Amino acid sequence: MTLERPSTVAFEDGDADDATVAEAALKRRTTAHARVHLLRAGGLLAALGVLVLCVLLSIAVGAKSIPIGTVWNALWGFDASYDHSVIIDLRLPRTVLGLFVGASLGLAGALMQALTRNPLADPGILGINAGASAAVVTAIFAFGLTSVNAYVWFAFAGAGAAAVLVYFLGSRGRTGATPVRLALAGTAVAAVLQGLVYGVFVVDDFVFDQVRFWQVGSLVGRDLDIFLKIVPFLAAGIAVALLLGPALNAIALGEDLAAALGAHINRTRTATAVAIVLLCGGATAAAGPIAFVGLTVPHVARAVTGPDQRWVLPYSAVLAAILLVGADTLGRVVLPNGELEVGIVTALIGAPVFIALVRRKRMAQL
């Protein structure tokens, strides 16, 4: 007994020391996580502040110089003068549409890259852009529709139909809709549809002339009527996308582990696909296929937040809106005469940024 007592006491003391060490480590981890979340929240608020500044610049700056006092009066006391009409009827709807289109493209790109586990995924890889383009060309070629208001629904329907076709082809077989099969099916469908579009361009110059400005991506001439038609789909897609962060985090651990943790893999994939169709279909129908926003912005967001989709998704939405609204504003003033389409400006900005991100030694993982 006299030999056992010291060893028992020593064991109890060691156990208490281990518990103290574990508790201290847990407290440090909790503090570190809280600090990280606080920094991410602060960064998101700062990005929202930049977005508000971009929105104000988009309303105030354009090809026609209008005094800032007139801009302010137009927002709070519209008097139907020419300058007030430029602000209310042209710049304001264009800015609001750019805000939603940018956020939608950023979220769609982040969802695609998370769903396909492919860092190069964008609205083109699942055939969304090609489906919208084919539908618009068909509307002009077969039905003679020439205004954006007339063929916007064809673009939306084409984007949705292409996404459904890609999912149908990619989900055939025993393995179901794996990321690789979806990407391959999307690439094949996009190639076929682009071939049809180019074939129509060759035989009908009128169709090419009508669709060329929509094809490069533009917010010019988009009035409040187009925004009101599209915004319910974009708002629904944004809401669904922002709710998918935890489920996508679980799937990122691997399908087997995600299933073991109780994640509903097929339900998450279906909801993600529906959100992508709503976001890409609506954005492409309203503004045309705008490149590099959905591809580049999620990489920037992951460089700031890491791979946590709960933060990647809202960051992607805000940063993409900044990029699109800012690019549209820049395109109005960069040329001495006329404007540069926003799709061209985003490509000129997005391509160097994407190359710089790819060349980084450490790139944020999906």
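Please keep in mind throughout that the model is predicted.

The largest nonpolar core comprises 94 residues. Val101, Leu111, Leu126, Ile290 and Val293 have the most contacts inside this core. For Val101, setting aside residues up to four places away in sequence, the residues touched are Leu234, Ala283, Ala287, Ile290 and Leu324.

I turn next to the aromatic residues. Across the whole structure, a search finds eight aromatic pairs. In one of them, the ring centres of Trp72 and Trp76 are 5.7 Å apart with the planes at 50°, so this pair is tilted. Both residues belong to helix α2, residues 68-76, and because they are four residues apart, about one helical turn separates them. Trp72 is exposed, at 53% relative accessible area, and Trp76 is exposed as well, at 65%.

A further pair is formed by Phe100 and Phe227: the centres are 5.4 Å apart and the planes stand at 65°, so the geometry is edge-to-face. Phe100 is part of helix α3, residues 82-116, and Phe227 is part of helix α8, residues 224-243, so the pair ties together parts that lie 127 residues apart in sequence. Phe100 is partly exposed, with 23% relative accessibility, whereas Phe227 is buried, with 10%. Ring pairs also join Trp153, Phe156 and Phe233 into a cluster.

Let us now move to the surface. Which residues form the nonpolar patch there? They are Leu330, Val333, Val334, Leu335, Ile349 and Val353, which together have about 420 Å² of accessible area. Helices α13 (309-333) and α14 (342-358) are the elements that give two or more residues to this patch.

Beyond its neighbours within four places in sequence, Val353 is in contact with Thr296 and Val300. Thr296 is 57 residues from Val353 in sequence, yet the C-alpha to C-alpha distance between the two is 7.3 Å.

Residues up to four places away in sequence aside, Thr268 touches Leu244, Ala247, Leu248 and Ile251.

Methods. Residues numbered from 1 in each chain as written. Predicted model: local features only at pLDDT ≥ 70, side-chain atom pairs only at ≥ 80, totals over all residues. Heavy atoms only, no water. Contact = heavy atoms within 4.5 Å. Patch = residues over 30% accessible without salt bridge, like charges linked within 9 Å, V, L, I, M, F, W, Y side chains within 5 Å. Areas by Shrake-Rupley, 256 points an atom, 1.4 Å probe, with all protein chains shown as cover. Salt bridge = Lys/Arg side-chain N within 4 Å of Asp/Glu carboxyl O. Core = buried A, V, L, I, M, F, W, Y, C linked by side-chain atoms within 4.5 Å. Buried < 20%, exposed > 50% of the residue type's maximum accessible area, 1.4 Å probe, protein only. Phe/Tyr/Trp six-rings, centres within 6.5 Å; stacked < 30°, edge-to-face > 60°.
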